[in-house]
Protein chains: 2
Amino acid sequence: MSVLLVGSIGLDTLETPFGKKVDVLGGSGIHASVSCSFYSKVSLIGAAGEDFPQEHVDFLNSRGIDTAGLQRIKGKQTFRWDGYYEYDMNQAHTRDTKLNVLAEFKPRINGEQKKLPYVFLANLDPEIQLHAISELDSPKLIAADTMDFWISGKREALVEVVRKVDVMLINEGEIRQFMDTPNIPQAARKLIELGAKSIIVKKGEHGALYFSRDSFFALPSYPQEELKDPTGAGDSFAGGFIGYLAQTNDTSEQNIRKALVCGSVMASFNIEDFSLDRLKSLTHAEIVGRFNEFKGFTHFDEMNKITA
Amino acid sequence: MSVLLVGSIGLDTLETPFGKKVDVLGGSGIHASVSCSFYSKVSLIGAAGEDFPQEHVDFLNSRGIDTAGLQRIKGKQTFRWDGYYEYDMNQAHTRDTKLNVLAEFKPRINGEQKKLPYVFLANLDPEIQLHAISELDSPKLIAADTMDFWISGKREALVEVVRKVDVMLINEGEIRQFMDTPNIPQAARKLIELGAKSIIVKKGEHGALYFSRDSFFALPSYPQEELKDPTGAGDSFAGGFIGYLAQTNDTSEQNIRKALVCGSVMASFNIEDFSLDRLKSLTHAEIVGRFNEFKGFTHFDEMNKITA
């Protein structure tokens with residue numbers, strides 16, 4: 001099965017304790033679609049400016065990504081994010097954001113793409129996400145991501161997105177802010193009461209949690225010592241998640257759990273180098289190997305009978 | 001098998017968003033030994049003042065805890081901690097600490113107790129922990145806990161403790177501080193290079209990690225919505241951990257993993273009410289039930305073959 005993926009196309013200027021990179025390939029739609037491409041076909045919907053290098057489009061195509069929905073807007077510049085990470089790389093600091101083409105972006109989804117069964121709406125204005133949803137032809141599963149900016153700025157539209165999608169991805173700080181409670185399980189329950197069908201709470205180095213009305217799953221993160229650039233970790237997580245669901249075409253809870261592991265595997269690779277550099281050399285054997293490592297370091301046996 | 005447990009005996013004055021309690025039973029040795037008593041026999045070594053209510057000693061004895069090593073010091077007062085938690089209960093704030101009898105505490109371990117095979121040294125001055133270790137008669141396993149205060153104030157003695165014990169318990173902020181690195185897996189590797197045999201990193205709501213020279217285990221925490229008083233969570237964790245090891249008398253890595261789950265189970269119950277109130281009504285059936293819940297919410301199946 002194939003994935004329809006709507007997200008931002010960006011050129012990032014990044015600084016981490018391991019170096020500085022200027023105008024490298026980035027954006028939520030890019031990180032998510034490249035990650036997804038290891039599992040399934042992807043049609044990427046997004047907009048770039050006339051300054052967007054052709055080599056990046058060639059790279060996407062080399063990964064089998066359908067870029068028919070990637071608009072190149074004449075006379076406009078590509079979305080840019082300029083940020084840095086200090087010693088503790090859990091927190092991104094923004095120096096500058098230039099929306100450029102994103103300021104007027106409307107997803108253009110063609111007839112074939114509207115019928116794709118798995119959909120991921122990466123972080124974007126929730127009104128654009130709602131517009132994309134309104135264009136779809138009864139997909140099997142929609143997942144969406146968001147960020148703090150929309151929680152405070154477009155709360156009503158975001159609540160509508162939460163109600164319309166099957167899986168809402170959100171990070172731990174954001175769900176606390178959104179539901180105004182410091183306790184994550186309580187915040188997740190509140191979001192479900194507000195109409196969410198299921199929620200993935202991304203906690204970076206602390207792993208991820210999955211909540212639905214009647215189930216819960218918790219996954220630690222990979223013990224990553226080779227962290228060079230955390231940018232796009234959440235997007236590559238989402239790409240691996242939706243890609244695995246599409247490849248297996250199975251939305252049972254047991255398969256959603258495995259899809260979460262695949263998401264974590266992809267995020268753990270993505271942060272090992274700047275931009276998407278690590279994914280350029282990644283192999284299926286490495287993915288399977290790391291999935292099995294997750295299985296190994298999370299497993300424990302049944303409890304012995306206690307008698308004390 | 002039985003456990004020798006050295007720790008503080010305290011009277012806590014606590015304030016959380018759920019209420020205030022004055023001079024209630026507390027201290028690292030108390031939380032740890034009561035938790036441990038659900039799994040094995042415990043001999044508690046500690047000191048209290050003449051103001052320490054007899055009802056607390058009766059409660060310890062009712063749990064089968066050997067209090068022969070609990071010194072009651074005439075003319076002195078019991079250790080007191082006065083603290084509070086704000087809206088976000090992950091962080092304890094200290095209003096006042098009175099060491100009282102702890103200022104001159106020397107563990108008195110009798111001949112029978114020196115031979116006990118499992119030992120837990122709860123958070124105390126590392127010089128007292130070293131003294132206790134020097135008294136022991138070749139135990140099978142020693143675990144120890146510490147806190148930020150000793151990392152900055154008695155670093156050398158603490159490094160000696162780390163080298164001498166089999167399992168060092170430490171929380172995530174403390175290991176970052178101790179090893180001066182924000183990345184926990186890197187910090188754990190450094191502590192192992194410094195001589196630690198194995199390390200448990202306690203992360204509160206984010207679970208716990210286990211590191212040894214050649215293995216790694218990660219466990220998420222229980223999705224606790226009924227959090228009333230986090231005081232003693234780490235100590236009850238340690239008590240369940242050492243108690244399960246003692247009961248099963250098996251220090252294999254697979255059993256250490258199960259002991260970590262037992263520790264997490266005990267911590268998750270302990271925080272449901274003030275002081276040790278929740279443990280007063282806790283049953284073995286509840287412990288087994290929650291262990292099985294951990295098994296349920298952490299399990300995932302093998303990965304399907306990917307072909308994309």
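Helices (H or I, at least four residues) and strands (E, at least two) are DSSP runs, numbered from the N terminus.

Before you start, note that this is a predicted model, in which local features need pLDDT of at least 70, side-chain atom pairs count only at pLDDT 80 or more, and totals for chains, interfaces and linings use all residues. Residues are numbered from 1 along each chain as its sequence is written, while chains are lettered from A and ligands numbered from 1 in the order in which they are written.

**Exercise 1. Is B:Phe120 buried or exposed?**

Step 1. Locate B:Phe120: this residue is in strand β8 of chain B.

Step 2. Recall the cut-offs, again with C-beta atoms placed from the backbone: buried means 20 or more other C-beta atoms within 10 Å of the residue's own, exposed means 12 or fewer, and partly exposed lies in between.

Step 3. Apply them. B:Phe120 has 31 other C-beta atoms within 10 Å, so B:Phe120 is buried.

Step 4. Name some partners. Beyond neighbours within four places in sequence, the contacts of B:Phe120 include B:Val3, B:Ala143 and B:Ile242.

**Exercise 2. How do chains A and B meet?**

Step 1. Count the contacts: 37 residues of chain A are in contact with 38 residues of chain B. On the chain A side, α12(A) gives the most, with 5 residues.

Step 2. Superpose the copies (least squares on the C-alpha atoms of residues with pLDDT of at least 70 in both). A rotation of 180° with 0.0 Å of shift along its axis places chain A on chain B, with RMSD 0.0 Å. That is the relation of a two-fold axis.

Step 3. Compare the surfaces. The copies meet through the same surface, because 100% of the interface residues of chain A are also interface residues in chain B.

Notes. Contact = placed C-beta atoms within 7 Å.
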